[in-house]
Amino acid sequence: MRGFQKKFIIIVAALGIFLIVISEINLPVKSTSNEKLDENDYAAYVSSLSDELNDIISSIDGVGDCRVMITLKNTKEKVFAENTEKSDSSGSTSENNEYVIYDSENGDSPILLKENFPAIEGVAVVCSGGDNVLVKEKIINCVCALFNISANRVSVAKSNAKGDNNG
């Protein structure tokens, strides 16, 4: 029985070493380009905001046909979890920040706490009622209330007549 126990222990140890070695090997994983996804997300976000704003503004009395363009300050911001270590020795203070990492099926990844969508920088509205002062004021007030931006960040103009070709 003693020889069997030695063989068993050697096999279990070899299997353990084999599993450790396998777990340390980083196999390549197919992944989609995060930049491409971010660009698509960004475009979809702007398009969605523009469509919704266009629908809202078009429903204001006197606006008529309208087109909307929204500009954003930047792209979305991601906030990751961090461990912060502060050490205070001999009168000097140092701080060390490291992202909190978790093991996912695509490899190690930082823990995402939140994503902040980009802030609106400006809005342009071109509509058939854009030359009416009251309509213009209603549009500016609506956009300022929706996006919490100042009135100087909103431009409202009258659109060309469809059949007018001046250029």
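Student: Which side-chain oxygen reaches the backbone nitrogen of Leu134 at the start of H3?
Tutor: The model is predicted. The backbone nitrogen of Leu134 lies at the start of H3. A side-chain oxygen comes to within 2.8 Å of this nitrogen, and that oxygen belongs to Asn132.

Student: How far apart are the end C-alpha atoms of helix H3?
Tutor: Helix H3 covers residues 133–147, which is 15 residues. The expected span is 1.5 Å times one less than the number of residues.

Student: In what order do the strands of the open sheet lie?
Tutor: The sheet has 3 strands with mixed pairing. Strand S1 (66–72) and strand S9 (154–158) are the edge strands, each pairing on one side only. The order is S1-S8-S9.

Student: Which residue in S9 is the bridge partner of Ala124?
Tutor: Strand S8 (residues 120–127) pairs with S9 in the parallel sense, over 5 bridges. For Ala124, the bridge partner in S9 is Ser155.

Student: At what angle does H3 run to S9?
Tutor: H3 lies across S1, S8 and S9. Among the buried residues of H3 are Val135, Ile139 and Val143. The angle of H3 to S9 is about 150°.

Definitions and conventions:
Residues numbered from 1 in each chain as written. Predicted model: local features only at pLDDT ≥ 70, side-chain atom pairs only at ≥ 80, totals over all residues. Heavy atoms only, no water. Helix = DSSP H or I, 4+ residues; strand = E, 2+ residues; numbered from the N terminus. Buried < 20%, exposed > 50% of the residue type's maximum accessible area, 1.4 Å probe, protein only. Polar contact = N/O pair within 3.5 Å; in protein donor to acceptor, adjacent residues only side chain to side chain. Pairing = 2+ DSSP bridges. Contact = heavy atoms within 4.5 Å. Axes fitted to C-alpha atoms, helices over the stretch in contact; angles between N-to-C directions.
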